[in-house]
Every structure is written in C-alpha cells, then in structure tokens.
Amino acid sequence: MNLPGAEEAKEAVRGATDIVQLIGEKVRLRRVGTRWSGLCPFHNEKTPSFTVNPERQIWHCFGCSKGGDVFAFLMETDKVTFPEALGILAERAGIELPKGERGPGAAVRDRLMQANALASDFFQDSFRSEAGAKARDYLAGRGFAGSILDDFHVGWAPDQWEALATALGKLLPAKTLEDAGLTIRRGDGSHYDRFRNRIIFPVETAPGKTAGFGARAIVPEDQPKYLNSSESAVFRKGSLLFGLPQARSAIRERKVILVAEGYLDVLRLHAAGFTNSVATCGTALTPEHARSLARFEVDVVLVYDGDAAGVRAADRGLDPLLGAGLAVRVLLLPSGEDPDSFLAKSSRDAFAALLAEARDVPGFLAEATIGSGPAGADPTLEARVRRFVGLLQRVEDPIRRRLLVRRGAEAFGLEEGVLLEAAAKGTPGAGLKSPRLARSGEGGPDRGAAKAPGAAPGAGTAEGESGTPRSTVPAEKIDPAERELAARALTEEGALRAIVEAGGIACFATAELREILGPWLEAGQPPLGEERDRLIGEHPLVRGILAIHPVEDAVSLEEQQRTARGLIERLEERRLRAAIQTLDRAIREAEQSRDSSLDRLVAERRDLASKLHQRSQSSVS
Ligand SMILES: [Zn+2]
C-alpha cells in the first residue's frame with residue numbers, strides 16, 4: 001500500500017521505532033532478562049524502578065507510575081502533542097504519513113460500520129418475522145409499539161447460536177464480523193453469535209451509520225440484562241450517545257438536551273414527545289460525551305433515578321460537562337424511578353412539570369445526598385461547598401463562573417466572596433488543576449476515560465498521570481500468580497475463558513484488578529489491540545503487570561486455558577492454606593480462653609483441610 005491509513009501509519013511508526021534505543025538516548029539503560037531498566041527521568045531516585053519492555057513496546061516506572069509507548073515517552077520528555085510525537089518518530093523512521101481529510105483508520109471503520117449496517121438490517125427483519133413475535137409482545141407489554149420502534153430501528157437477535165453468523169457470513173468475511181464484535185470465535189475457529197434471544201437497540205452515529213448495538217435480555221435467566229457490542233474502532237461506549245441522530249433536530253429547536261441512562265428511557269421519552277433525549281450506553285458520562293454534547297451549544301439536563309446510584313452518577317457527570325463549558329441542570333426522579341418507569345405510570349405533563357423544576361448545579365449540590373463518604377451518608381455542608389468550589393474551577397468561561405458563584409452563594413447561604421476566594425486558592429483534594437486533565441471516574445472501560453485532547457487512542461497518557469496520579473496498587477505488591485493470571489487475562493483469549501469458567505472476577509483478590517478486568521470478563525473477550533493500548537495508557541497497574549510479564553510465542557487456545565487453570569488452582573490452594581492458618585490461630589486462641597466457639601472452628605478447619613486434600617489429589621491424577 002502506498003498510502004496507508006493514519007492508524008496503520010501509527011502502527012508502522014511504532015513498529016519501526018526501537019523503543020530501547022529511543023529511550024536509551026535519554027536514560028542509561030541496563031539489560032535485565034528480556035527487559036531494560038534504569039533511573040527514572042521523571043522522578044528522583046537512587047535505585048532504578050524505570051522499566052522498558054521492548055517486546056510489548058512499553059515503558060513504565062514503578063516509582064512514579066508514569067509510562068506508555070514510544071509516543072507517550074516523547075510527549076513526556078519533549079512536551080509535545082501526540083501528532084507532533086507521531087511526526088517526529090515518523091521522520092526518524094523514514095515513514096511518510098498520510099495526508100488528507102480522512103482520519104486514522106477510516107478504511108477499518110468503514111468495514112466495521114458496513115458489517116453493523118447489515119447486522120442491523122438482519123436484526124430488524126428478524127424482529128418483524130414470526131420469530132420476533134416474543135420481542136414485539138414483550139415490548140408491547142411494556143407499552144412500546146408502532147413507529148417509535150421503527151424510528152429507533154429496534155431489532156431482534158434470534159434464539160440461535162449462528163443465525164447472524166450464517167446470514168452475514170455469505171456477505172462478509174468471518175473476521176470482519178468478529179472484529180465488529182458481532183460474533184465470537186470458538187477454539188476450533190468457527191464463530192457464534194454474540195447476541196442471542198435479545199432485543200437489539202442499534203447505536204447510530206448518523207442516519208444509516210451503526211456503530212454497534214445494545215441488547216436487552218427478555219428472560220431473567222439471561223445475564224447480564226444488557227449486553228453491548230464489544231469495544232472496537234467504531235464502538236467506543238465512552239463517546240457514543242444512543243438516540244443522537246433521532247434527537248438532533250429537536251435539540252436544535254428546543255436548545256436543550258435531556259441525557260438519560262438507558263435505551264428504553266430514550267424510547268419512552270421520545271414516545272412521550274421529549275424527542276430531544278439521548279442516553280449513554282451503559283457508562284458514566286465521559287469528557288468525550290461532554291465534548292460531543294457541547295457542539296450543540298445548548299443546555300444539558302441530566303435525567304436520572306433519584307436513588308443513591310443515580311445521584312452519584314449525576315454528581316460524577318458534572319465534572320466533564322462543566323469542563324466542556326456546558327450549562328447543566330439535574331432532574332432527579334423519585335427514588336427507584338427511571339424515565340421509562342416514571343413515564344409508564346405518569347403523564348407527560350407530570351414529567352414536564354418535574355423537568356421545569358430541574359435543579360441547577362448549586363441547587364443540586366445543596367439538596368442532594370452526595371459526597372465521597374459511605375453510600376447514603378449525608379455529607380456536611382462543608383463537603384458540598386468544597387465540591388462546588390472544585391466544580392467552579394472547571395468552568396473556564398468567566399461570566400458563567402461568576403453567575404454560578406452568585407447562585408452558589410444563594411444556594412449555600414454563603415458570601416460570594418468566600419466562594420470566590422476558595423475558587424481562586426484551589427481546594428486541596430479536589431485535584432482539578434486543569435480541566436484538560438479531567439477524569440470522569442476511577443477508570444476502567446465501563447467508567448469511560450478521559451484523554452487529553454489531541455492524544456490519539458493508544459498513544460498512552462503519561463501526561464494525564466502527572467495531573468492527578470490515581471492511587472494504585474504497585475504491580476510488585478500483588479501475588480505473582482495473580483499477576484500472571486491478570487497479564488494472561490489481558491492478552492489471551494484462552495486464559496480469559498478459563499477464568500470465566502472458574503467464576504470470573506472472583507479469581508482475583510486485588511480490588512483494582514477486579515475493577516479493571518470485570519468488563520472484559522463480562523464481555524468474554526480480552527481487550528483488542530487498540531483497547532489494550534488504551535488500558536496500558538491509562539492504568540499504571542496494567543502497564544506494570546504487562547511490563548513484568550514476558551510475551552510468549554503463539555500458543556494454542558487450549559494451552560492458554562490449561563496454563564490459566566493451573567494458575568487459578570494455585571491461587572485457590574494458596575487462599576485455602578491462608579484461611580486454614582487464620583483458623584489455626586483462632587483455634588489456639590479459643591483453646592487458651594476455653595471459648596465455646598472452639599468446636600465450630602475445629603469443624604471448619606477440618607472442612608477446609610479436606611478441600612485442600614481433595615484439590616491436591618485431583619491435581620496429582
Ligand atoms: Zn518515575
């Protein structure tokens with residue numbers, strides 16, 4: 001190919017850059033096994049905790065948690081943007097970058113969009129077919145029928161393993177369907193449908209452009225209730241808004257966007273005439289969402305459930321929205337009600353009345369039960385004011401900020417001067433030095449993740465880490481077997497499957513790992529190339545783990561599964577032994593104090609010991 005796409009060019013530049021040589025020009029590196037190590041250039045240290053892993057093309061500092069790929073290194077040392085870093089390294093490698101208006105990876109995205117468009121047609125046809133009757137009945141039972149279903153191109157995934165794979169397999173390569181997250185590859189190379197026995201909501205970016213799907217189970221046994229397309233070059237939950245194409249003209253007309261949380265919420269709102277409604281696709285609001293909302297230059301109303309989770313979600317959404325320069329109001333429905341359930345019971349006038357009463361940010365913070373304390377705890381006035389001041393610092397527009405200060409003074413009953421002074425000083429703990437570095441949540445694929453503008457996916461975000469270093473468990477502190485299992489879960493489909501079979505996230509004891517890996521285990525797939533790059537860029541723990549764990553030559557799925565099972569067994573055995581030790585201590589104490597719980601403890605220990613015995617028997621045979 002003479003003119004590769006920008007995504008390909010980025011890969012080519014990365015592949016052509018010798019990461020050890022590049023970093024070696026600025027850091028004195030010594031070889032340690034397959035890795036290289038040296039004194040970190042980004043923090044002061046006497047013993048080296050800076051690591052370069054040439055096989056994975058990543059660098060990571062265990063001391064200050066900075067790290068990423070070659071682009072991230074250049075961005076950090078030379079303080080350049082991602083496009084500049086790409087340009088510098090391309091020139092070094094003698095690679096010509098593509099010019100033109102089309103962004104990176106356009107050809108790949110076109111292919112995936114095409115696959116999704118065909119899949120959407122297939123799902124809609126099957127929705128109207130005889131087999132789709134149970135989906136139509138289900139929706140009719142909840143009061144959804146007629147044109148609203150057509151407007152949103154609602155579909156049905158048949159209760160079969162290969163309906164879509166067979167139908168679309170005649171038109172597209174199996175690999176394309178797999179890349180689009182529509183099918184999943186089995187060990188023998190054949191494919192099965194990702195969505196089965198589910199109502200399908202296509203997530204569209206423009207009329208006829210389908211980025212992916214949300215799929216709702218209609219029987220309680222089918223878990224999870226909602227399943228989305230896996231993340232791909234076109235389906236990035238952190239930037240997609242369901243219902244946007246359908247809502248576009250109403251948003252322009254009414255100068256306001258209602259943001260809800262669910263697919264059915266959007267359908268219900270549109271059906272009730274609130275056609276300026278959209279929803280996130282099972283994620284918190286991210287800065288990317290906020291930026292696409294900001295393009296409309298209208299106000300945003302968050303319409304969430306008034307329960308604790310809804311309040312928290314609304315609170316978290318304020319950072320990215322205010323950071324993007326949006327005026328925000330919050331409508332909290334009665335606890336336990338989402339827009340769908342509320343409008344199913346109440347009139348549209350009742351909803352309109354609530355909407356008219358939606359609180360502005362100071363009003364919301366002054367009234368709602370929010371804060372960083374334990375769930376349900378009512379934070380002090382001081383905590384609320386501090387939160388408000390933290391948010392004020394995100395608002396760049398001086399007029400809007402001034403108006404917010406005035407409203408805040410009213411809502412909290414404080415002098416404006418106090419708020420102004422606090423905002424000018426900055427609040428320690430708010431950690432909001434720059435809205436550019438805004439992060440929406442604690443991270444993890446399902447929380448969505450902020451990225452410095454201009455940083456392309458996979459560029460690594462060393463820059464982001466310098467703003468507000470998240471608290472993270474150092475990779476070396478984690479049990480080596482658990483660490484290896486995590487590394488394999490992030491890179492090997494076979495390992496991921498073995499973990500899912502063995503109980504999923506329960507295999508991991510480290511909370512942060514559970515949070516990072518949870519969504520991938522739920523999806524039944526390890527992160528794809530670009531997604532993995534993003535995780536490496538955003539999570540020091542992921543980077544640390546992968547920096548330590550060596551790359552293996554290609555092994556079969558079965559072998560991957562076997563190795564992972566071995567690790568899981570070792571971990572379980574170790575946990576059993578630890579539990580027995582704890583019991584032994586308790587037994588000794590009970591013996592000494594002639595405690596009545598002694599019999600129970602002894603029985604419990606016998607139970608655990610026999611479990612451990614069975615385990616070692618079965619692993620011998
Ligand atoms: Zn460092």
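This is a predicted model: local features need pLDDT of at least 70, side-chain atom pairs count only at pLDDT 80 or more; totals for chains, interfaces and linings use all residues.

Student: Okay, how many helices and strands does the protein chain have?
Tutor: The protein chain comes to 27 helices and 17 strands, and buried residues make up 45% of its 621 residues.
Student: And what share of the contacts joins residues at least 24 apart?
Tutor: Among contacts between residues at least 6 apart in sequence, that share is 68%.
Student: Now the open sheet of 6 strands, what's the strand order?
Tutor: The order is E12-E14-E13-E15-E16-E17, and the pairing is mixed. Strand E12 (241–242) and strand E17 (359–360) each have a single partner strand and stand at the edges, so one side of each lacks a neighbour in the sheet.
Student: How many bridges join E16 to E17?
Tutor: Strand E16 (residues 328–332) is joined to E17 by 2 bridges, and the two run antiparallel; Arg329 has Asp360 in E17 as its bridge partner.
Student: Which helix lies across E15 and E16?
Tutor: That is helix H13 (residues 308–323), which runs at about 170 degrees to E16.
Student: Switching topic, how do H21 and H26 cross?
Tutor: The axes of helix H21 (residues 480–491) and helix H26 (residues 557–592) come within 9 Å and cross at roughly 150 degrees, so the two helices are roughly antiparallel to each other, and the crossing is left-handed.
Student: Which residues make that contact?
Tutor: Among them are Leu485 and Arg488 of H21 and Leu567 and Ile568 of H26, and the residues of the contact divide into 6 nonpolar, 2 polar and 4 charged.

Key
Residues are numbered from 1 along each chain as its sequence is written. Helices (H or I, at least four residues) and strands (E, at least two) are DSSP runs, numbered from the N terminus. A residue is buried if 20 or more other C-beta atoms lie within 10 Å of its own, exposed if 12 or fewer, and partly exposed in between; C-beta atoms are placed from the backbone. Two residues are in contact if their C-beta atoms, placed from the backbone, lie within 7 Å. Two strands pair if DSSP finds at least two bridges between them. Axes are lines fitted to C-alpha atoms, for helices over the stretch in contact, and angles run from 0 to 180 degrees between N-to-C directions. Angles under 35 degrees count as roughly parallel, over 145 as roughly antiparallel, 65 to 115 as roughly perpendicular and the rest as oblique. A crossing is left-handed if the near helix is turned anticlockwise from the far one by less than a right angle, and right-handed if clockwise. Ala, Val, Leu, Ile, Met, Phe, Trp, Tyr, Cys and Pro count as nonpolar, Asp, Glu, Lys and Arg as charged, and the others, Gly among them, as polar.
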